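Hi,

Here is the structure I promised to pass on.

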Amino acid sequence: NYTYTNGNSQFNQYWDWYYQGISFANQVIEKTAEISDENINATVRRQIVAEGHFLRAWYHMQLLLNWKQIIMRDKYITNPDELSKPLADRADTWDFIINDLKEATKLPSAYDSDNTGRATCGAAYAYLGFAYLTRAYEEPDQKQTFLNAAIDALNNVKGYELVKEFRTMFDGSRKNNPESIFEIQFSMTSDNGAIYRSQFHQWMGASEIGGWDEIIPTQILMNEFMKEGEIASTGRYDTRLYETIWFQCDYFNDGNGRVWGWEYDELFVNDNGPYNRPVFRKFLPSTADEMWQSNTAINIPLMRYANVMLMKAEAMNELGRSNEAISLINEIRDVHGDMPAMTGTDQEAVRAQIEHERMIEFPLENYRWYDLRRWGKLATAMQAAGRTNFKESEHSFYPTPLTELNANDQLK
């Protein structure tokens, strides 16, 4: 409802936890460099330091996506007197993030099975492209330069491919798949007191299927999925709709038990009979038994190859290379959506198609807000969603947290 203050506990914690991550990354960068050569292999040293740069950049980037100005932390702090520091200029912070990501491109392209999930050079290049793309809109006088830099970075994301079975990337059945570039790793192991599992599935799940009913698809999202009509090669709507959302339709009531062995109308029913209530399927486990568990170990993809392709398409289109952008869009539509080639060929048509594809490709993956802000569409979208309290000048970014204001003498 946009009634929060700078004392809101949720984003105060977000700020604190991400700066804790930055502190860990700074410690790794500095202390690993001090280890004597006889105690560490040179290749291992370079990798660990590069990982430190990647994570330091990633944490700073998440903060900069949510706050207009943040504090750059470029050293491991051991003296409390060093904690007070002013907010940095946004462009300077982007420079810092980009330089760290360039350092991280020295990472390996892949790891053995014992190190699955570690950041790779592909992840570094993907986020470098994301940084340049975002910055292109923020600094219009350098837009063309940053768009070209984004394409150069994204062209270096190699060795990945789209996964046909869209849902399997989000239900725990196909972790670290060929489309995954960087994802949060979860495990049900409890060895040595480890807790790498989560209750994410309960937040995502509707009450009818054992969830907490916290996150439900909007009608705006449903309309977007259906706007092109039933033109997929399957004879239905875009396949991503069925892989992302359960809703009342012939497909989920065809006698094949597509809702964990049940028909949709068997689960979404009351004394008055079956009812239609679209609910998220994405990020739910592959079986009902897993859904009823308190915890699951579903990985959370943070960067996928589909995102790299759509970011590249966006940059190309803004540079007037619409035909190249269309080719990338159509590949995703075919593999993930079973959809025919897009219609329209001019720059505006491609812009509209990219927005459509990003909206239905990434629900719950935390990109929509940043997309809308990048395109200058936040206020329009919030009004369309009935968020009448939203004010672009006040709510496009979070305010500096009260905890930081109270602790930092240079912000008073």
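**What I found**

V49 has its place in helix α2 (residues 42–66); helices here are DSSP runs of H or I with at least four residues, strands are E runs of at least two, and both are numbered from the N terminus. At 18% relative accessibility V49 counts as buried, where buried is under 20% relative accessible area, exposed is over 50% and partly exposed is in between (1.4 Å probe, protein chains only).

Before going on, some bookkeeping. This is a predicted model, so local features need pLDDT of at least 70 and side-chain atom pairs count only at pLDDT 80 or more, while totals for chains, interfaces and linings use all residues. Residues are numbered from 1 along each chain as its sequence is written, and side-chain values use heavy atoms, with hydrogens and water left out.

Now the helices. α4 (residues 121–138) has 18 residues and reaches 26 Å from its first C-alpha to its last, close to the 26 Å expected at 1.5 Å a residue (that is, 1.5 Å times one less than the number of residues). Of those 18 residues, 15 are buried, so α4 is largely enclosed by the rest of the structure.

α3 (residues 90–104) packs on α4 at an angle of about 160 degrees, their axes 9 Å apart. That makes the two roughly antiparallel. For the cut-offs: axes are lines fitted to C-alpha atoms, for helices over the stretch in contact, and angles run from 0 to 180 degrees between N-to-C directions; under 35 degrees is roughly parallel, over 145 roughly antiparallel, 65 to 115 roughly perpendicular and the rest oblique. The α3/α4 crossing is left-handed, meaning the near helix is turned anticlockwise from the far one by less than a right angle (clockwise would be right-handed).

α11 (residues 305–318) and α13 (residues 347–361) also pack at about 160 degrees, with axes 10 Å apart. They too come out roughly antiparallel, and α11 passes α13 in a left-handed crossing.

L364, in the loop between α13 and α14 (368–375), has a positive phi of about 70 degrees although it is not a glycine. At 26% relative accessibility it counts as partly exposed.

Last, charges over rings (NZ of Lys or CZ of Arg within 6 Å of the ring centre and within 35 degrees of the ring normal). R358 has its charged end over the ring of Y367, 5.7 Å from the centre, and R374 lies over the face of Y137 at 5.9 Å.

Cheers
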